[in-house]
Each structure stands twice: as C-alpha cells, then as structure tokens.
Amino acid sequence: MTSALTLAAVSNRTATLLCTPDGTRFTLAAPLAWQVFCGSDLIADGVTTVAPVFLEGLTPATGYVFRACGAELAFETAPCAGLVDVTAHGASVEAADNSAAFARAIAAVPEGGTLMVPPGRYCIRPIHLKARMTLYLPKGAELYADHDRQNWPILPPHDDASRVVGTWEGLPEAAFAAPVTAIDCDNLTITGAGRIDAGGDRGDWWSWPKETRDGARRPRALFLAHGRNVQLSGFTLCNSPSWTLHPYRIDGLTCTGLNIENPPDSPNTDGLNPESCTDVRLLGIRFSVGDDCIAVKAGKRGPGQVDHILPTRGLMVHHCLMARGHGAVVLGSEMSGDITDVDVAACEFVGTDRGLRIKTRRGRGGKVAHVRLSDVVMTGVGTPLAINAFYFCDPDGRSEAVQSRDPAPVDHTTPQVFDISLTDVLATDVQIAGVALLGLPEAPITGVTIRNFRVSFDPNAQPAVPLMAAHLDAVRHIPLWTEFAQVDGTVDLLPSPQEAR
C-alpha cells in the first residue's frame with residue numbers, strides 16, 4: 001500500500017502535503033485532522049476535507065513533522081538567502097500602479113532570496129520575475145491587475161536570441177505581457193495562500209477573444225517561459241484575460257495546491273496550459289474555468305513555421321478536481337511537436353463537457369500517444385473519453401480538405417493518435433456518449449484500451465453532437481461510438497440513479 005502522506009512541494013516558507021488515505025481522489029471521504037510539529041512544539045493544526053493541505057508561515061531551513069492519516073512525514077524547508085519586503089521599495093495598497101515598486105524590489109532580491117508581499121491589495125501592471133527567487137504571497141495578499149491596456153507592455157514573437165516569447169495558440173505572435181510574467185525563470189518559486197486577480201472581468205479583454213488589438217493578442221494571468229525547476233503552490237489565480245496559467249518550454253514544473261477560477265462564460269480562459277514542457281507534475285489543483293481545465297499543447301504548424309515546435313512529455317495529473325469547463329484534461333489541438341507519456345490518476349471531473357479529450361486535425365502532424373487515465377470519478381460529464389481527428393479549428397477547419405471522410409495522402413503533416421488507456425473509471429449522469437472516437441481514414445486511432453469503465457446515463461439529457469467535427473448527427477446515451485478507430489474493451493452500463501431507485 002502506498003503512503004497516505006506525500007510531500008508535493010516545499011519552499012523556504014511553505015509546504016504542500018497530499019493526504020490520500022485509500023480511495024482518495026481530491027475530496028476526502030471524511031474530514032481529516034492534521035498537525036505540524038517543529039521539534040516537540042505543535043505549531044499548527046487543522047482539519048481538511050480535501051487531499052491537498054497547504055502550510056505557510058514556516059521558517060527557512062528548518063525541520064518539521066506533519067501528522068495525519070495515522071502517519072507522519074518529516075520534511076525540511078529550503079534555505080533563504082534574504083527576505084525583501086515589497087513595501088520597503090514603495091509598494092502601497094493606496095497606489096494606482098505598483099509595478100515600478102515591484103521592479104525595484106525584485107532587483108533587490110538576492111539570488112536564492114524571497115520577495116514578500118504583505119497582506120493587502122496591490123494594484124499592478126505587468127511585473128517581471130527573475131530566476132532563482134521566490135515570490136511569497138501569504139494569505140490576504142493580492143496582486144490586482146489594472147484593467148486599462150493603454151501602454152501595456154507587449155511580448156514580441158521572438159527575442160534577440162530568436163527564442164519565442166510572444167505566443168498565441170501554438171504560433172509565435174505578439175501578445176500582451178501577463179500581469180505576472182517570468183522569462184528565463186530557472187529555479188523560480190511562486191507560493192503562498194494569496195491571490196493573483198488578472199483583471200479579465202475588468203476592461204474589455206473578454207470582448208475580443210480571437211482578435212488582435214493594439215498589435216497584440218490578449219495576455220495570460222501568469223506566463224512562464226524558458227526555465228528549469230519551477231514550483232508554484234498554494235495561491236489562487238482568477239479572472240484571466242485568456243489562458244490562465246501558461247508555462248512555455250519549462251523543464252521540471254510542479255504545480256500543487258493551486259485554485260484556478262474563471263467565470264463559466266469567460267472566453268478561452270483555459271486553466272493550465274503546459275506547452276512544449278517536460279517533466280510536469282500537477283497535484284491537488286482545483287479548477288473551475290470558462291474553457292478547458294488542463295489543456296496540454298506542443299505547438300502548431302504554420303506556413304513556413306516549424307522551428308518553434310517542441311514536445312510536451314512526462315505529464316502527471318494526480319488528485320485534482322475539474323469542475324465545469326469544456327474538457328477536464330485536453331491534449332491538443334496544438335500538438336504538432338508530440339504529446340506523450342501522460343498519466344492522469346485519482347482525479348474528479350464534475351460537470352465538464354468532456355473528460356479526457358484529444359483533439360487534432362489534418363495538417364497538424366505530430367502524435368498523441370502513451371496516455372493513461374485511471375481511478376477517476378466523473379459526474380455529469382457529457383462524454384468521458386472523446387478523441388477527435390476532425391477538430392474544426394482555424395479558419396479552414398470546416399473546409400472539405402479538413403473535414404472530408406475520404407482518405408487523404410499520408411505525410412509528415414498527418415497526425416497520429418495511439419496507445420490510449422482508460423482503467424477503473426466511474427462516470428455517472430453521462431449525457432452524450434461514454435466513448436466517442438473519430439480517427440482519420442488514412443490514420444485511424446489505434447491501441448485504445450478500456451478496462452472497468454462503468455457508465456450511467458442522465459435520463460434528462462438532450463441529444464447533441466459528440467465531437468466538434470462536421471457531418472455528425474446529434475446523439476444521446478451511446479455507450480461506445482467509433483469511426484476509424486480500434487478499441488479493445490467495452491463500456492459497462494449501470495442503471496441511472498432514478499432507475500436504481
């Protein structure tokens with residue numbers, strides 16, 4: 001039996017623990033008491049109803065013991081080379097724009113040091129973090145983005161070293177900087193139980209979701225690019241102008257204990273979009289957003305544009321809650337650089353349109369492969385497993401060349417989807433289909449395995465198309481719908497709750 005306690009992340013003043021007694025996903029079966037000791041002294045205690053427990057206010061380079069679940073786990077906080085208080089450099093809750101004060105404070109943080117933001121709301125325009133520092137946002141501290149984009153900084157498609165820094169839907173494009181931006185961010189930590197409000201609900205950000213204005217695309221809430229060993233823990237991200245948390249070309253990323261929130265009608269506000277990243281751990285995160293909860297990307301082919309394409313591989317998603325959203329865990333449609341080795345386990349999907357969703361189309365190239373989904377409970381999900389090779393994205397997405405069911409020539413732009421497994425999954429109140437798979441006739445989906453997949457249908461569901469592709473009829477209550485796909489396994493039907501009564 002695996003341990004019921006796991007240290008998900010530790011910084012110089014915080015730690016995130018996962019309490020996972022047998023059968024735990026995100027929500028615990030019953031409230032659980034916990035305690036933290038430093039030596040023989042009890043320094044904190046509480047009760048949790050969810051797997052992640054976030055601790056802050058710890059002392060750097062100090063040993064602690066966490067007790068819960070009838071077990072204990074010892075850990076030591078990281079050292080800190082120096083603490084800088086942002087208010088000592090002019091930041092104030094009364095100021096209309098604290099970005100210059102933050103710039104001064106960040107410059108003053110020594111390598112391995114910490115920038116601390118005291119409780120209070122600090123209005124900002126984009127701030128730029130640096131490598132080998134910690135941004136500490138304790139409970140009650142809030143970064144509150146300005147709503148006015150006049151003179152807002154813009155990230156160009158490429159920097160002076162020809163690296164991509166401005167990016168939009170898988171292509172290099174000029175984009176407004178995020179309220180919190182970090183480029184070249186090796187060993188960066190952002191932690192604390194505070195809040196980053198990116199201001200998407202203020203101004204006009206949500207009124208032009210697919211446009212370019214003032215020469216740039218909409219910003220993210222938090223954008224990280226070109227770094228290694230990055231850790232994010234504890235804080236809330238909300239009201240993003242577009243994708244919320246966008247790590248780009250990060251090698252070694254841990255996100256844990258986060259809360260990612262956007263209104264359900266906010267356009268394209270995906271929760272967390274790792275793009276061309278490797279070795280990514282997403283643990284104990286709560287999502288409630290206006291688009292996909294987790295949307296994994298690997299770049300997109302453009303006319304004469306392929307140098308920016310790199311893979312995403314080695315992604316772990318454990319003990320997370322996806323509530324609302326178009327898809328819970330989505331791979332693509334920007335997947336030209338390959339998305340491989342994805343493990344989704346012990347999660348809860350509630351009210352998302354789809355559960356595990358893979359989407360691509362002719363012209364993408366690349367592959368999505370070696371994907372595992374296991375020990376997941378879904379409630380009120382439209383289609384728990386959806387794989388679509390005719391996704392009608394981009395201006396030509398509904399063209400005959402993209403949507404024709406006649407075989408097209410196979411070349412380097414033909415996407416491949418294979419080796420996908422779904423094991424020990426319970427999905428209740430499904431509306432449309434348990435599984436919907438639509439491959440290309442020239443490149444069928446292969447190696448899909450289903451084991452112990454139990455489904456009950458929502459008796460009040462209305463017919464709808466199972467996938468975002470042309471030439472499909474509306475359906476409801478279909479256990480397994482496939483075209484140009486190979487499947488090993490079956491869907492086990494359960495009575496609906498009403499029928500069970």
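This is a predicted model: local features need pLDDT of at least 70, side-chain atom pairs count only at pLDDT 80 or more; totals for chains, interfaces and linings use all residues.
Local features here need pLDDT of at least 70, side-chain atom pairs count only at pLDDT 80 or more, and totals for chains, interfaces and linings use all residues. Residues are numbered from 1 along each chain as its sequence is written, and side-chain values use heavy atoms, with hydrogens and water left out.

Trainee: How many disulfides does the structure hold?
Mentor: A disulfide is a pair of cysteine sulfur atoms within 2.5 Å. The sulfur of Cys 38 has its closest cysteine sulfur in Cys 80, 17 Å away, too far for a bond. The count of disulfides is zero.

Trainee: Which cysteine holds the sulfur closest to that of Cys 320?
Mentor: The gap is 4.8 Å, so it is too far for a bond. The partner is Cys 347.

Trainee: Is Cys 320 buried or exposed?
Mentor: Buried means under 20% relative accessible area, exposed over 50%, and partly exposed in between, with a 1.4 Å probe and protein chains only. Cys 38, at 26%, counts as partly exposed. Cys 320 has 0% relative accessibility, so it counts as buried.

Trainee: Which residue in β37 stands opposite Asn 388?
Mentor: Strands β35 (383-388) and β37 (433-438) run parallel, joined by four bridges. Opposite Asn 388 stands Leu 438.

Methods:
Two strands pair if DSSP finds at least two bridges between them. Helices (H or I, at least four residues) and strands (E, at least two) are DSSP runs, numbered from the N terminus.
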